[in-house]
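This report describes the pockets of one protein model. Look at the structure first, then read on.

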Amino acid sequence: MKIIEADFIYTPKGFIKSKAIAFTTQIEEIDTVETLKEKYPDAQTIQTKPNSVLYPGFINTHVHLEFSANKTSLKYGSFMPWLDSVIEHREDLVGACNNAIMQEQCNAMIRSGITTFGAISSFGNELEVCERTPQRVVFFNELIGSNAQYADMLYGDFTERVNASMSCEESSRITPAIAIHSPYSVHPIILQRAVNLAKQHTLPLSAHFLESQAEKEWLEYGEGELKGFFKKYFNTTTPVTTIPEFLHAFDSYPTHFTHAVQIETRGLEILAAKNHSIAHCPRSNRYLGCGRLPLEKLHDLGINYSVATDGLSSNDSLNIFDELRASLMLHQEIPIDILANKLIESVTSNAADILGLNIGRIEKEKSADFAVLTLPETPKREEEIALWTILHTKEVSSVLVDGEEIL
Ligand code: BEZ
Ligand code: FE2
């Protein structure tokens with residue numbers, strides 16, 4: 001048994017003061033430090049610095065580690081030139097991205113308090129690093145391929161990767177999962193097979209969805225900037241699906257849709273009705289000129305969302321606090337205190353519910369995954385702790401996973 005003390009602890013009932021947590025690999029009890037020490041006299045006590053706030057470990061639901069070598073190769077500013085630059089540089093970037101580079105990015109996430117992340121994997125190259133990192137990883141094997149001719153072959157490769165992630169040692173903390181690349185790039189037949197596979201094994205399911213104006217125009221009218229792309233690379237002039245048909249494929253299985261920036265209110269209502277969730281990646285959306293997700297509508301409709309970094313293919317860091325600060329700046333209409341609290345929820349309890357893991361809340365029997373951060377002074381108004389957390393944290397003070405210190 002261990003005991004950890006902090007000036008403030010973030011719980012489902014809000015920030016509580018002068019309490020401590022007794023834990024093993026899971027949270028056993030929350031009480032005053034005196035009571036816990038009396039009850040567990042042999043427990044090792046961890047005393048955090050003054051003005052520390054103890055959070056459940058933060059969760060980044062959507063990241064592409066295999067693009068971690070990108071710094072200036074990919075073109076930012078607008079979606080289609082970016083996609084063209086991905087096609088041009090993909091091989092070089094993936095080739096340049098070795099285990100050391102990916103592990104360094106896992107470490108950068110740890111330094112920002114990330115104890116769990118969702119890794120979107122196109123080729124399975126990052127499985128070894130994800131097995132070795134001390135964090136939990138939801139390993140999203142990605143399915144891609146709109147051309148019916150190659151669909152069986154691509155689906156076969158995909159199931160091999162799914163099987164490999166299913167056979168990881170339990171100690172690696174890997175949860176196998178499935179990702180659909182996007183509505184425009186996956187043929188409906190293999191899409192349905194992948195959704196059925198997710199249902200059969202109860203695997204988390206995710207899909208990029210309505211990221212750009214170009215995607216929307218292509219899916220709705222078979223027009224726009226993606227038209228030339230499909231003519232050039234696939235010699236086709238019609239999209240493989242429509243927006244309603246794509247969404248319908250996920251009807252009975254709550255799915256984590258990434259971006260959804262270009263979705264209309266009717267689409268959001270469907271997401272709400274079907275218990276789907278959204279990964280909100282504000283810096284990626286800005287860098288690729290995709291627009292702003294209307295978070296206020298998600299709040300009104302009760303759609304669950306997480307703030308996530310996406311990969312370094314469309315970002316400048318995997319630090320979750322950089323992403324939270326960007327979110328604060330972007331959604332100017334939402335009162336800043338309310339937004340700060342919602343954003344913290346989005347990377348803790350909401351993200352845990354989205355990934356279906358027993359983490360994300362400081363509550364009895366949840367896994368003992370913690371991130372401790374230290375504010376520069378005692379907060380003058382305690383109702384603003386979430387805001388000061390986001391504004392003042394570049395890196396956290398310590399991180400624990402399954403009750404063991406990893407930072
Ligand atoms: C496709 O298979 O349709 C596809 C692959 C990569 C990017 C876009 C589309
Ligand atoms: Fe992504």
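## Terms

Helices and strands here are DSSP runs, numbered from the N terminus. Lining residues of a pocket have an atom within 4 Å of one of its grid points. The model is predicted.

## The largest pocket

The volume of the largest pocket is about 830 Å³. Its lining is made up of 37 residues, and those that lie nearest the centre are Ile87, Arg90, Ile144, His181 and Ser185. Two or more lining residues come from each of these elements: helix H2 (79–96), strand E8 (136–143), helix H5 (148–166) and helix H8 (225–234).

Helix H2 gives the most to this lining, with 6 residues. By residue type, the lining of the largest pocket holds 18 nonpolar, 12 polar and 7 charged residues.

## The second largest pocket

For the second largest pocket, the volume is about 320 Å³. It is lined by 23 residues, and Pro254, Asn275, Ser277, Asp353 and Ile354 are the closest to its centre.

Which helices each supply at least two residues of this lining? They are helix H10 (265–273) and helix H15 (349–355). The largest share comes from H15, which supplies 3 residues. The lining of the second largest pocket divides into 12 nonpolar, 10 polar and 1 charged residues.

## How such spaces are found

Empty space left between atoms shows up when a probe the size of a water molecule is rolled over them.

Conventions. Residues numbered from 1 in each chain as written. Chains lettered and ligands numbered in written order. Predicted model: local features only at pLDDT ≥ 70, side-chain atom pairs only at ≥ 80, totals over all residues. Heavy atoms only, no water. 1 Å grid on protein atoms, 1.4 Å probe; cavity = no way out; pocket = protein on both sides within 12 Å on 5 of 7 lines; lining within 4 Å. Points joined across faces, edges and corners; volume = space filled by probe spheres on them. Helix = DSSP H or I, 4+ residues; strand = E, 2+ residues; numbered from the N terminus. Nonpolar A, V, L, I, M, F, W, Y, C, P; charged D, E, K, R; others polar.
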